Amino acid sequence: MTSALPSALAPWSASLVALTPELATALGPLLRRLDALVAEHEPAARAQGAPDGHGGLARTGRPDQLLPSEWLLADEFPDEFLRRLVDGELLYLAPGFTFPTPTGRTVVLADTGPDQAGAARLVQLAALLVLHRRAAARGTDLRVGILGDLSGTWLGGDPEDLLPAWLEARRRSDPTPEDVRHACELLEDGDRAWVLTSERLAALLPAGTRALTARPVQWDANGATGVEVRITTGTAAPTTALLPLPAPDIAVRALRGAGFRRAAPVQAVLPTGVRGGAMPVFTTDSRTLLARGRDADVLLAVHLPGSDRQATAVRARRHDLPGPAVAAGRNGRRLIVLCAWGRQLVPYVSGRRFCERGEYVVRDSAALGLDRAGLDALLAEPVLPLLVDGRFLRLPVAGRWWRIGPDGEAQDDGPVGRQAADLPYDRARDARLYEGDLPAGAAQARHLLHGAGAVAWSKDRRTWDLVDRDGVHQLVTFREQADVIGLVHGAEGAALITASRKDAVLRHARANGRRTLARLSGGSGRPALHPTLPLIAVPKGPDRILVGEADTGRIHHVIGSDH
């Protein structure tokens with residue numbers, strides 16, 4: 001990457017590795033001048049520490065720091081010593097320092113609403129690269145929060161992961177001062193926060209808020225060519241500068257993500273005892289993916305940390321159970337599994353304590369309407385969801401919801417929602433788990449799906465009404481021989497996920513178009529969609545599961561291998 005950049009950008013090579021050389025070069029003038037502007041308000045390097053012995057070798061230094069071998073060279077071969085001195089080849093003892101532990105992160109609160117479209121969004125891209133580089137020089141991290149996002153999720157990591165996540169986090173409405181206040185409440189002591197937003201919102205923020213705004217001020221026949229960038233801190237007069245923009249064609253490609261380099265998927269090796277296919281499933285809103293093992297009493301749990309847009313290392317953990325898993329779910333820091341042990345159902349808990357010995361033991365699975373054949377059929381399907389409701393455990397079995405108390409008594413809690421007779425239980429089709437009131441027409445529809453606050457319904461499985469969590473309605477129609485397996489809510493809003501019946505091609509379907517999820521297609525079993533996040537897990541042959549984004553098709557993790 002360094003050789004492909006102009007010499008003036010060589011010091012930026014580590015930060016610009018996330019961009020194609022063409023985009024990095026085009027952004028160069030904007031980056032360097034924005035960096036100089038930010039430098040007036042943001043320290044670039046960590047504080048110098050106290051001297052602490054020697055810290056290795058160096059090519060420069062004082063005469064008293066020369067290695068003894070170099071003085072020996074001066075005595076025996078003075079001409080060679082002088083040549084090495086002139087050419088900078090002598091070795092010195094480098095002084096070591098103890099650096100103070102960095103305190104506080106650099107935090108960016110980004111406005112991704114309509115006001116920041118176009119040129120302002122391009123300035124945000126440059127600002128993220130500048131602030132990421134300066135945070136690394138200080139020995140701290142950069143975190144990005146999206147204004148208006150109430151989940152409290154920070155975007156982070158290397159630019160390869162951070163930039164695509166920020167770009168895809170577009171919002172339909174502009175943030176308010178209340179959104180900024182809410183985001184600031186999530187900051188930690190010592191954090192240095194920047195607000196990247198419009199001049200309109202910046203004028204409404206409290207004094208002392210560090211804000212960076214941009215507005216186009218120069219144009220030609222092809223579009224904006226220059227922006228006025230303003231930095232306000234409340235402690236001094238605003239700093240302004242006129243900065244250049246890349247050529248319009250390059251700028252458009254950058255704002256579509258075409259100039260970004262993606263990080264490679266993270267490999268996670270499966271522990272022993274995981275069979276081919278593994279039937280992955282997300283049973284709760286947590287980021288834990290569950291799969292059955294090769295042995296009946298083995299359950300695999302993979303926690304997917306961080307942002308749903310960021311690939312980070314994962315660890316696949318094997319749980320050896322007292323019997324085959326019937327239902328499981330993560331509740332806070334604990335994994336609770338209800339296992340079949342003879343005719344009994346007994347709990348297994350990993351993590352924080354939940355119950356005493358002997359509690360939640362169902363003495364006879366027939367109390368849940370399960371005979372031996374029904375139990376065997378359940379164990380050949382993905383693990384059922386197990387929810388914690390106060391002091392009760394809830395699970396769907398044999399077309400009914402059941403509540404199990406600490407005494408092991410099972411109480412019928414009503415029917416499950418509309419399920420396909422020839423498929424395993426699917427929580428996305430269970431209206432009992434939909435929070436809120438169903439839209440008009442959905443309650444009586446023959447086919448219904450929900451997830452991430454969105455809901456879709458259809459009479460014939462060809463034409464679907466889709467209402468997202470913001471109340472936006474769209475009509476999605478498709479003709480291909482495919483099944484709708486769920487819906488997701490990503491940066492573009494809600495969309496259906498379909499799987500073709502012939503070759504298991506996965507597609508992201510909205511009223512305004514289709515996107516084929518090529519790298520996630522062709523699985524060996526039914527994909528698992530997360531109920532609230534745009535995550536999908538696809539079994540791909542023996543002992544291998546791909547986990548990626550259900551709206552873009554990007555793969556985050558490869559769990560297992562081809563062998």
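Mentor: Two strands count as paired if DSSP finds at least two bridges between them. Helices (H or I, at least four residues) and strands (E, at least two) are DSSP runs, numbered from the N terminus. Within this pair, Ala-291 stands opposite Leu-300 of strand 11.

Trainee: What should I know about the source of the model?

Mentor: This is a predicted model, in which local features need pLDDT of at least 70 and side-chain atom pairs count only at pLDDT 80 or more, while totals for chains, interfaces and linings use all residues. Residues are numbered from 1 along each chain as its sequence is written, and side-chain values use heavy atoms, with hydrogens and water left out.

Trainee: In what order do the three strands of the open antiparallel sheet lie?

Mentor: In general, strands of a sheet pair through backbone hydrogen bonds, either parallel or antiparallel. Here the order is 10-11-12. Strand 10 (288-292) and strand 12 (316-320) are the edges, each pairing on one side only.

Trainee: Which order do the six strands of the open mixed sheet follow?

Mentor: That order is 4-3-5-6-7-8.

Trainee: At what angle do the axes of helix 5 and helix 6 cross?

Mentor: Two packed helices are described by the angle between their axes and the distance between the axes. Axes are lines fitted to C-alpha atoms, for helices over the stretch in contact, and angles run from 0 to 180 degrees between N-to-C directions. The axes of helix 5 and helix 6 (residues 159-167) come within 11 Å and cross at roughly 155 degrees. Helix 5 is therefore roughly antiparallel to helix 6, a term for angles over 145 degrees. Contact (heavy atoms within 4.5 Å) involves residues including Leu-125 of helix 5 and Trp-166 of helix 6.

Trainee: What is the average pLDDT of the protein chain?

Mentor: pLDDT is the predictor's confidence in each residue, from 0 to 100. The protein chain averages 84, and 89% of the residues score at least 70. Over residues 307-311 the pLDDT is below 50. Where pLDDT is low, the predicted coordinates should not be read in detail.

Notes
Angles under 35 degrees count as roughly parallel, over 145 as roughly antiparallel, 65 to 115 as roughly perpendicular and the rest as oblique.
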